[in-house]
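Hello,

Here is the structure we spoke about, with some notes on what was found in it. Please look at it before reading on.

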Amino acid sequence: MRELGLTPFWRKKQGRTPTTVDTKIHDSNESDSQHLDRTKRILHLDWPQLKAEVENCHACPLSQARLHTVFGVGDEQADWLFIGEGPGAREDEIGEPFVGQAGKLLDSMLAAVQLKRGSNVYITNIVKCRPPNNRNPECNEAEQCRPYLERQIALIKPKLIIALGKVAAQNLLTTNDSISNLRGRLHSYLGTPLIVTYHPAYLLRSLMDKSKAWEDLCFAKATMESLAITANPSLKI
Ligand code: SF4
């Protein structure tokens, strides 16, 4: 872990078919029934259709300044799904989530629990387009983008979701609770177990909280092991 520049913070503690549908629907003019129809349609798309739909999406104002949509990356049958809040500048440039320094730290966090980007891990965000000046996504933006995330989850069928940061956690859990209240507990999103931890970009600024993120990862790892045993009791020693 020293090579990753994470010591002493990561030291283990004792004890824890492409669509051609026109998606130029702007939120301000969209009625509830149009939103419902759009949501229902998205929930039936396959991977290629979903990717194409996101690529051509103008359902919220975030489409106006984006360079690229940032759909998500990784194993499309992963047990682990990591969800952040939205793309930053670098992600917007290249169309992949969690690149740059925060991405490197996320990769280190994955490695700390023997995981690797692209292998049994999928990474995406609440919104697929970059909010200007890296502000938090607005409620209506997250709401318009939610069907894409829900469809990704339905297609991936992850065993465990990790919400990265307050914005992702509050959106997924529909709560205003602080991240300190949400950490350390097993939640559920659409029937999938969910654990909350800090966003890697926050950890880059708040080194002292890396030890808490490590606790969250240990909790997540133990939860995944317990889920595996529940699914297959013969794994128990
Ligand atoms: S953030 Fe989501 S809903 Fe908004 S334009 Fe991008 S893909 Fe569409």
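How many residues surround the ligand, and which are the closest? The shell has 14 residues, and the closest are Cys57, Cys60, Ser63, Cys129 and Cys145; a residue is near a molecule if its C-beta atom, placed from the backbone, lies within 6 Å of it. This is a predicted model, in which local features need pLDDT of at least 70 and side-chain atom pairs count only at pLDDT 80 or more, while totals for chains, interfaces and linings use all residues. Residues are numbered from 1 along each chain as its sequence is written.

Helix α5 gives the largest share of the ligand shell, three residues. Helices (H or I, at least four residues) are DSSP runs, numbered from the N terminus.

The protein chain has 237 residues, and 38% of them count as buried, that is, with 20 or more other C-beta atoms within 10 Å of their own.

The largest nonpolar core has 55 residues, and Leu81, Ile83 and Ala163 have the most contacts inside it. Such a core is a set of buried Ala, Val, Leu, Ile, Met, Phe, Trp, Tyr and Cys residues joined through C-beta atoms within 7 Å. Helix α5 (residues 139-156) gives the most to this core, with six residues.

In helix α2 (residues 47-55), Leu50, Glu53 and Val54 are buried. They lie on the same side of α2, because they cover an arc of only 95° around the axis, taken from the directions from the helix axis to the C-beta atoms. These buried residues pack against α1 (32-42) and α5, with contact meaning C-beta atoms within 7 Å.

Regards

Key
Buried ≥ 20, exposed ≤ 12 C-beta atoms within 10 Å, placed from the backbone. Helix = DSSP H or I, 4+ residues; strand = E, 2+ residues; numbered from the N terminus. Contact = placed C-beta atoms within 7 Å.
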